[in-house]
Structures are given as C-alpha cells and as structure tokens.
Amino acid sequence: MDNEKIKEIVKEKFTEYLALHGHRRTPERYAILEHIYSFDGHFDLEALYESMSSGDFRVSRATIYNTIELLLDCRLVLKHQFGKNISYYEKSYNNDNHHHLICTECGAVREIKDNDISRLIENKKISRFKPVHYSLYMYGVCNKCSSTKNKKIKNNKEIRK
C-alpha cells in the first residue's frame, strides 16, 4: 500500500475517533498526524516539535502532547520506552511487527524483522487473551560500542606493559 493511501486511511480513522469521542477536528491535529506518517522510524516529542517548527505548519508543544495522547488512544501511534527517561513513538498503522535491538552503551535502537520469531509469537495461544500488537525488546551491546570497548581494553593492556 502506498504512503498516500495510508495517510488517507489514518486520517479517516482519526476523524472517526475524534467524532466518536467528542473531540474537535482541528487543522493542527491533522498536521501532526500527517507529519508523523510522512517519515519512518522512532521519534520523541521534542524532535517532532522541532521538525514541525521548521516546516510550514507550526504547532505548540501543548498541542503536540495532547494530540499524541489522542493518537495513542486510537492506536495510530505506539509508545516505546527503550530504557531511558524519554518516550519514543512510531506510527502503527500498516507498520509490520518488528523487534528492537537496544544498545545499553550508546542507546542506539535498531529494528529487525525476524519471521521465525514473529511466527512463534503469532502462533502462541494465550488463554482468554487475543493479542492485537506486540513488541520485543532485546538489550545488549552494538558492534560499534563493543569494538570501542575492546580497543580501550587492548590499549590499557599495552600501556601497562
């Protein structure tokens, strides 16, 4: 499905949600939704604010914070905590289940898709529960940090000699 079609669908879903819950349908809310669905990956709210501030449509931080709560509630955005005190978000509609590799040294987050893991999770029967979405977080050390750490260890050993 192309990106423009996805944007139309999420706009319709958001409009239905706002009407059903008695919220106003403001241009700012739709601009935020459009902006989120225009790029891939994770974002924090400050980055979203800065990105929108430099664009054609400016919105306040308060509007972003309030709108993100609505988007979370209607399941058009997902919220993640990758071990820091910062929440990260990503679009959820038409975004396949994927797994997150989080480096405990530098905080980098990498997404992977693994069909074997996905099949195991999707085929798992859970009593009296129907999963809608899942997230898998794996914490470890990325190659870049591991390499840097090994170089420091090697240099310290050479200095002691």
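Arg128 is placed in the loop that runs between helix H5 (115–123) and strand E5 (136–140), in what is a predicted model of the protein chain. With a relative accessible area of 84%, Arg128 is exposed, because the cut-off for that class is over 50%. The backbone of Arg128 has a phi near 55°, a positive value in a residue other than glycine. Most residues other than glycine have a negative phi.

A positive phi is also found at Arg75, where the angle is near 65° and the residue is again one other than glycine. Arg75 belongs to the loop between H4 and strand E1 (77–81), and its relative accessibility of 61% places Arg75 among the exposed residues, since exposed means over 50%.

As to overall architecture, the protein chain contains six helices and five strands, which follow one another along the sequence in the pattern α-α-α-α-β-β-β-β-α-β-α. The radius of gyration of the chain is 20 Å, well over the 15 Å that the globule rule gives for 161 residues, and the chain is therefore more spread out than a compact globule. Taken along the principal axes, the box filled by the C-alpha atoms is roughly 70 × 45 × 30 Å. Of the 161 residues, 30% count as buried, and among the contacts with a separation of 6 or more, 53% are made by residues 24 or more positions apart.

Within helix H1 (residues 3–20) lies Glu16, which has a relative accessibility of 55% and so counts as exposed, the cut-off being over 50%. Although Glu16 and Cys74 are 58 residues apart along the chain, their C-alpha atoms are separated by 9.6 Å.

Confidence in the prediction was also examined. The mean pLDDT of the protein chain is 89, with 99% of its residues at 70 or more. Confidence is lowest in helix H6 (residues 143–160), where the mean is 82, whereas helix H4 (residues 61–73) has the highest value, at 96.

How values were computed
Residues are numbered from 1 along each chain as its sequence is written. This is a predicted model: local features need pLDDT of at least 70, side-chain atom pairs count only at pLDDT 80 or more; totals for chains, interfaces and linings use all residues. Side-chain values use heavy atoms; hydrogens and water are left out. pLDDT is the predictor's confidence in each residue, from 0 to 100. Helices (H or I, at least four residues) and strands (E, at least two) are DSSP runs, numbered from the N terminus. The radius of gyration is taken over C-alpha atoms; the globule rule is 2.2 Å times the number of residues to the power 0.38. Buried means under 20% relative accessible area, exposed over 50%, partly exposed in between (1.4 Å probe, protein chains only). Contact means heavy atoms within 4.5 Å.
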